[in-house]
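Thanks for making the time, everyone.

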Amino acid sequence: MDLRFFLLLAFGLLCFSRVSVCEHVEDDVDVEDELDLDLPGADDDEELEDDEATPTPKAPPVPNVTYKAPEPMGEHFFAESFDRGTLDGWVLSSAKKEDTDEEIAKYDGKWSVEEMKDSKLPGDKGLVLKSRAKHHAISAQMLRPFTFTDKPLIVQYEVNFQAGIDCGGAYVKLLTQTPDLDLDHFVDKTGYTIMFGPDKCGEDYKLHFILRHKNPKTGEFEEKHAKKPDADLRTYYTDKKTHLYTLVVNPDNSFQVLVDQTVVNSGNLLTDMTPPINPPAEIEDPDDHKPEDWDERPRIQDPDAAKPEDWDEDAPPQIPDADAVKPDGWLDDEPEYIGDPDAAKPDDWDEDMDGEWEAPQVPNPACEAAPGCGAWKRPMVDNPNYKGKWKPPMIDNPNYQGVWKPRKIPNPDYFEDLQPFRMAPFSAVGLELWSMTSDIFFDNFFISDDRNTAERWANDGWGLKKAAEGAAEPGLATQMLSAAEERPWLWVVYVLTVALPLILIIVFCCTGKSSMGSAQGQISLQGLQEEFKEGGPPEPLQKKTAASPAEYKKTDEVQPDVKEDEKAEEEEEKTEEDEDKAEEEESSPAAENGEEEEQEEESEEKDNTKSEDNVLRTSPRNRKTLISRRSSQTSVTRPSVSSVHCAAVNGICGFSPKL
């Protein structure tokens, strides 16, 4: 009972502490927002009370943070924050997509430079894809071409799916530097070196890293796809937050794909691309064919096996039960179903067109009390003689030659490129997209070969967005209320989580004390009744109880308790002397010893009883002294009538005189 009570009490306090902490944290956030961001409402108590009374949770205030456009500080090849508010330097494609219907072939999707709809940083602008179900193409020249030498390539930019994403991409293409590169005619077939970024359609969440590798033998380009990330990418497409996508390709052919500065995919260009960068050294001979007599069967039917003579293939799997007996009372002449006697032919029934009318069938009422109606048939049981169709057993094929494979020949197209990092240079950045969702937000494009410079740009741009979004997020209590508005059944969970522990604590507190008190009262009353039955009412209860030591005046005179202690010690010494005499007399003959022992015991009982009664009449301190002494004596000597009586008296004296 006690353990269960304390566990429930601890659980209840934990629940209340969590609720109070959540409210405290929410209040702290609101206060900090008002103090740090100079938001109105810090002194308007009446407005706060009205807002709290509103059932719908109020949206969190937008932090008033001063936005400063990031500035590139270090070596870089391209940097664009769109904070100028224009598309200067960007080229909209005016081309048409080939092999597509004329209505949707044009790249006529709209672009705009604007702030996000739910911007937490006033003044922070980006490139927004505005149209849905249209082709979009826009590109910009870099400060200078990027050449793959002995420094890494770092590409990063931000994406926010403001309206979610149903089917569409948000990837960027690094356009290969060629003499005929024309950004006015940027289309899907324009050559690129790397394609990188998110893409989603249906439930397929992708994060592309595709490079175009040039075959040194043929000079043709072939797309190589990085392995699929092991991380779950769903959140980046559904949380409507701004995410930073980063690609790092190193001169040692290693690569890393990061989202929000966290690695979600990594590998090596030589081993983790599909199809592989380098083709196999050997291939199967296309002119080699499997011989007609090649036997690939590992096991065959035994040709020497014969069907046993007693094998009956025609035996049925089930037969009627020969031991079954028709139950008594079975109605053979009664049908199981009869025509409904209460049914009547409809007035509009036409027998020429509808045929002869028949009443609908209903269960026969005569069969309700009987075990069955109609012709009785024996139930079917499994046939013990059933064996099925005979098949010869299987044996190992003595002519087995294994699975045939064509022979290997040297690959005529084989080459070995140990430096796939050295890709074709690129000189422009482009977005060539199709999306069924609009309002895709792009921002802070950056290309560099220095990791520190790229991280500094990311912290000045995306880092500021992340801090602002985090400051504007609602508290835990607000989130719980918002979730309950969307899913009302959560109110039941909240009530049970808070109210149930409170009810249990109240119930166990009240019932626990009463039950413990009643149990102690019953035990005390039973002990008192037993003492009264054995020896009658004790003398201390019949007379006036002696005053406690606290009731005496504090003086220098000898207190009554001290005198009583001295008397008790004298009586105790006398008792010990009597016991010593009894031990000396034990050496006498057996008959005399027996008689003397009985006399000594009787005298001892009288003396002890008298001394104990005197002690009980005095002070509680003497009673405690007597109890401790008797408990030590009973551990070394056998119990006597006087000790039992003392225990009973002590039990009674242990109760309060108020009883």
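Before the first feature I need one definition: a patch, as I use the word, is made of residues with over 30% relative accessible area and no salt bridge, and like charges are joined within 9 Å. Please also keep in mind that what you see is a predicted model.

With that in place, let me point to a patch of negative charge on the surface, where D347, D348, D350, D352 and D354 gather. Take D348 as one of these residues: it sits in the loop that runs between β19 (337–339) and α5 (351–354). Its relative accessible area is 67%, and since the cut-off for exposed is over 50%, D348 is classed as exposed.

Now for an aspartate in another setting, D124, which belongs to the loop between β3 (111–115) and β4 (125–129). Is D124 buried or exposed? Its relative accessibility is 2%, and because buried means under 20%, D124 counts as buried. What does the side chain of D124 contact? The partner is the side chain of K465, with which D124 makes a polar contact at 2.7 Å.

That brings me to pairs of charges. As a general point, side chains of opposite charge can pair when their charged atoms come close. Over the whole structure, the search finds 23 salt bridges, and I will go through a few of them.

In the pair of E432 and K173, the closest N and O atoms are 3.1 Å apart.

For D332 and K326, the closest N and O atoms of the salt bridge are 3.0 Å apart. D332 is partly exposed at a relative accessible area of 34%, and K326 likewise counts as partly exposed, at 36% relative accessibility.

Beyond these pairs, there is also a network of salt bridges, and its linked residues are E114, K117, K130 and D439.

Which peptide bond is cis? The one I have in mind runs from T274 to P275, with omega near -10 degrees, and P275 itself lies in the loop between β15 (273–274) and β16 (282–284).

Next is F82, which has a positive phi of about 60 degrees although it is not a glycine. F82 is placed in the loop between β1 (78–80) and β2 (90–92), and its relative accessibility is 0%, so F82 counts as buried.

You will find K240 in the loop between α4 (234–238) and β12 (243–249).

Methods:
Residues are numbered from 1 along each chain as its sequence is written. This is a predicted model: local features need pLDDT of at least 70, side-chain atom pairs count only at pLDDT 80 or more; totals for chains, interfaces and linings use all residues. Side-chain values use heavy atoms; hydrogens and water are left out. Patches are made of residues with over 30% relative accessible area and no salt bridge: like charges are joined within 9 Å, nonpolar side chains (Val, Leu, Ile, Met, Phe, Trp, Tyr) within 5 Å. Accessible areas come from the Shrake-Rupley method with a 1.4 Å probe; for residues, only the protein chains shown count as cover. A salt bridge is a side-chain nitrogen of Lys or Arg within 4 Å of a carboxyl oxygen of Asp or Glu. Lys and Arg count as positive and Asp and Glu as negative; His and the chain ends are not counted. The place of a charge is taken as NZ of Lys, CZ of Arg, CG of Asp or CD of Glu. Helices (H or I, at least four residues) and strands (E, at least two) are DSSP runs, numbered from the N terminus. Buried means under 20% relative accessible area, exposed over 50%, partly exposed in between (1.4 Å probe, protein chains only). A polar contact is a pair of N or O atoms within 3.5 Å; within protein, one must be able to donate a hydrogen and the other to accept it, and residues adjacent in sequence count only if both atoms are side-chain atoms.
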